Amino acid sequence: MGEGDAPADETPPASAETPPASAETPPPSDESPPPSGESPPPADAPPPPGPDAPPPTELDPPPTDSPEPGAPAALPQPGAPAALPTPEPGPASGAPPPEDDGTTLPQVRLAPPPPYPESAREAGLEGSVLLELALSELGLVLDASVLQSSDPVFEGSALEAAFGLQFTPALDADGRAVPMVLQYRMLFSLDVVATVGVEGVVRQAGTRDPVVGATIVATPFVLVTDGAPAEEGAGEEGPGEEGAGEEGAGEEGAGEEGAGEAGAAEAPDAEVVLREDAAVTVSTDADGRFVLAGLDPGSWQVVASSPGFEADPLDVEVAAGEVVSLTFWLAPLRPWESTSADETMEIIGFRLPPEITERRLDASQVRYMPGTGGDIVRAVQTQPGVARTPFSTGALLVRGTPSDASGFYLGGARLPLVFHFGGLSTVLPSDLLDEVRFLPGTYGVRYGRHLGGVVDLIPRAELAERSHGKASLDLFQASVFHTQKLSDHWTLTGAIRRSYIDAILGPLVNIDPSYSLRLPAFTDGQLRGLYVDDRGSSVDLMALFSDDRFTFTELDGDGDNTTSKIRSGFVKGRVGWNHVLGKGWESELSFMAGPEATQAEYQGSQEAYEQIQREQLRFEVTRPVPEGGVVGWRMGMDFESSREDFKYALDDLDGFFPYADPEEGDVRVLRPGLYLEQTQSIGWLQGTPGVRIDWMSTDEGWFALTVDPRFRMRAELPNGTVLNGGVGRYSQFPLLRETLESSNGNPDLGPESAIQLSVGAQHEFFPGLSLEGTIYYSALSQLVVGLDNRFTFELAPPPMAPYDTDPYDNEGTGKAYGLELLSRYEDKRTFAFVALTLSRATRIEREGQEPGLFQYDQPVMLTLSGSRVLPRGWRAGGRFRLTSGNPYTPIVNSFYDLDEQTWLPVFAESNVARMPTWWALDVRVDKQWTYRTWALTLYFDIQNITNRRNVELLNFSPDYSLEIPVYGLPILPAFGLEAQW
């Protein structure tokens, strides 16, 4: 009995109700050959019912006889049980009676056998499943359901295999293809074995990732010489030495047994004739594996294909009783032939809902962004609303606020710093992160204690499908990253990085023989264990550290060399537990603790340090608005405790302005927080009111409490446009040093405050092109002002004169408002974006003063960035940035102080002048070579390729009669190598 025929001993019962002929499924006609691997029915078998025969009215019982041996089956090895699919000549129940309208009925064209359930095989069970199939005009299965089964254990396998069935199209009386509903029976028998077969796996060259859903087509062929078949045995050569892939992807061969050129080399004049009517098609599973069963002995050509990849076909010789094993290595197609992106970031479970203005950065795009070094966090500085800092340091200036008003988080826990000295790299590798969430303002109650923006680094939440890693070496640093798959539920990840920028750029900056600067050198490392269970709950264990150092040597007044040092770093341990509670509820519990330290030593006699032992605990319970529901919830606790010891005894640095009197303190600080918000969803409109309560207390007796109500709204219009808006109060506590009398502080200081308002819209014009715009306004009050001459470890340059040296007070106010536009375009070859910010930020330092510009006010900030994939593994891109120069206070006159014997300046009104416009062009070129199990990438990243002399700061001559510009870095070419495995 051939596959696709009804059992020989089963005769359909008489019909009491005549269904339509269009629902019948006759077997293939005598004139058409049976599907590959099928045998014709026995001569004594009863003929199948024809189009005019009455079909059954009730379902056939499960067969009691085993199908004939030799039928094809999808089995990986000889002797395994099989399942036989059998078309059922009956229609769906309840169909109207048939009419002889000349309809041509579909016939089975391809019927891959379903997998035999392991539990049924072990129990010795046999049976059948009757399915109802809905076919498209092309004969493909659109839907399948179970009408009857002998045992539920077979139903899953039958439904899985149903979507692999293919039929010839059903034709109406006019010869047009039409959809159809029919019945189909699959038989499961332990007596049927596969005598021949091909099995294998499909992997991506370079990464070794399994290719899921790849199409495997096996086509029998014969060699014809001068019109006659070639001599037998011409195609029986063994494995070939050339497999699948591009640019070395298949240099070592893909076949492992029985794969070769099928004798083509033995018969150079022979022509290969493919029997495409007998081709067999299957798909790879979740592990990239496939099985071809029921292949007739002989020569077969096997090819694997998947969108975005290519591979050469392999010729194999199939023999009875043997299983041929193949491995395909698929290399990426040239970009214009690809239909998939080169890299995607998959987010699973516990993904936080979108905020009013939120920008999630894609690692696959940032990796090639010029000027960022492939660092996903540095790419935040190119987003709308972020002002450029002098020398492009790691400070983050968001919507008219200073760098200490924004916060960096690791999965919801505050990080002491995120950029190494100089801002060239972050303290965490991008490969460790799922995504970076950048929230410039009007964000929800999950985050607090900031007047500015929030950057949350979200660790990868999915388990690795395989062990993999990479090593990179560039002009500034070297790094190694590796993830080891320990089991189906555990992965272990380790990373280490070390810079040597001090040795590379030292000669460029050390042009003064009396002054030697050793640029920053840094090291960081991470070790992480991740467990994820079958429900999606996870346990995350992480240890990380960061260490930055730099020194400089100069001649003192006596001509002797003196050395100064700065060192900063931290060591942290983090535990995270995300748990699925059920009914849409999820919980998050995280704890992070460890020491932080920053130390400075100047000329061996003056010092400053901050030493903090910090513990952070977050517990949150959430339930998003369920599908079809109305209400969602978020409630949580954010607790922080720290012991802070500091000392600043740098009261007079030669060549710099004199610092304030020494400060010191050693205090225990508590910063608890509670928050709650509810989401109401009514159709296309969603509103989220919430409130956050924070307080801060010290063992010196200082205490403050803040209550910050917030409201956000989101509307998804029918045309795809998304409107959003938000308003809320945001508070920030003063620095500890500012509250202590022992450090010249003011114990009467209160929290700083901001009322933020934003309205925005997003629209996707067509797939790949989108535009979003946001208008924001922030009213700042109770700002801490005074003692501008204090020492600080802030990465940003010190404020320019004149300085407010009066005691600390909450007299500062300010405004910040602007328009942010972000347009993105992406297709399979190109990624580009344009970010434009038009803004204004003003300050009133003390009561009674006139408003002045914020020191980092930049009315125009423009970034154009793009990258394009080119043939043969090349990629090229560029980035153009233009920003207004920062404001400053000019010197209008000077006089000589006889008592102090020095020149003193006379300043104009605050920040009435502006430095020249800043702009730069960066270019990056990548070249990748893809091999079977690894890939190699070489890149060139040239910053400021035009060698533009941008003014970063202003200095003055000794008598203040001349302004001396301090320029940024000149053209800076860099290159690097990266190997992935």
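Predicted model: local features only at pLDDT ≥ 70, side-chain atom pairs only at ≥ 80, totals over all residues.
**Stop 1: an open sheet**

Select β15, β9, β19 and β17. These four strands form an open sheet in that order, and the pairing is mixed. Look at the edges next: β15 (289–293) and β17 (309–310) each pair on one side only.

Now select residues 197–204 and 323–332. These are strands β9 and β19, which pair in the parallel sense over eight bridges. Which residue stands opposite Val198 in β19? Val324 does.

**Stop 2: a hairpin**

Move to residues 891–897 and 902–907. Here strands β48 and β49 pair in the antiparallel sense, over six bridges. Pick Ser894: its bridge partner in β49 is Pro905. Then go to the turn. Four residues lie between the two strands of this hairpin, and Gln901 takes a positive phi near 55°.

**Stop 3: the largest cavity**

The whole structure holds eight cavities of 30 Å³ or more. The largest has about 110 Å³ of space. To find it, select Ala387, Arg399, Gly400, Ser839 and Met861, the lining residues that lie nearest its centre. In total, 19 residues line this largest cavity.

Now show the strands around the largest cavity. β21 (386–387), β22 (397–398) and β43 (830–844) each supply at least two residues of its lining. Which strand gives the largest share? β43 does, with four residues.

Finally, colour the lining of the largest cavity by class. Ten residues are nonpolar, six are polar and three are charged.

How values were computed:
Residues numbered from 1 in each chain as written. Heavy atoms only, no water. Pairing = 2+ DSSP bridges. 1 Å grid on protein atoms, 1.4 Å probe; cavity = no way out; pocket = protein on both sides within 12 Å on 5 of 7 lines; lining within 4 Å. Points joined across faces, edges and corners; volume = space filled by probe spheres on them. Nonpolar A, V, L, I, M, F, W, Y, C, P; charged D, E, K, R; others polar.
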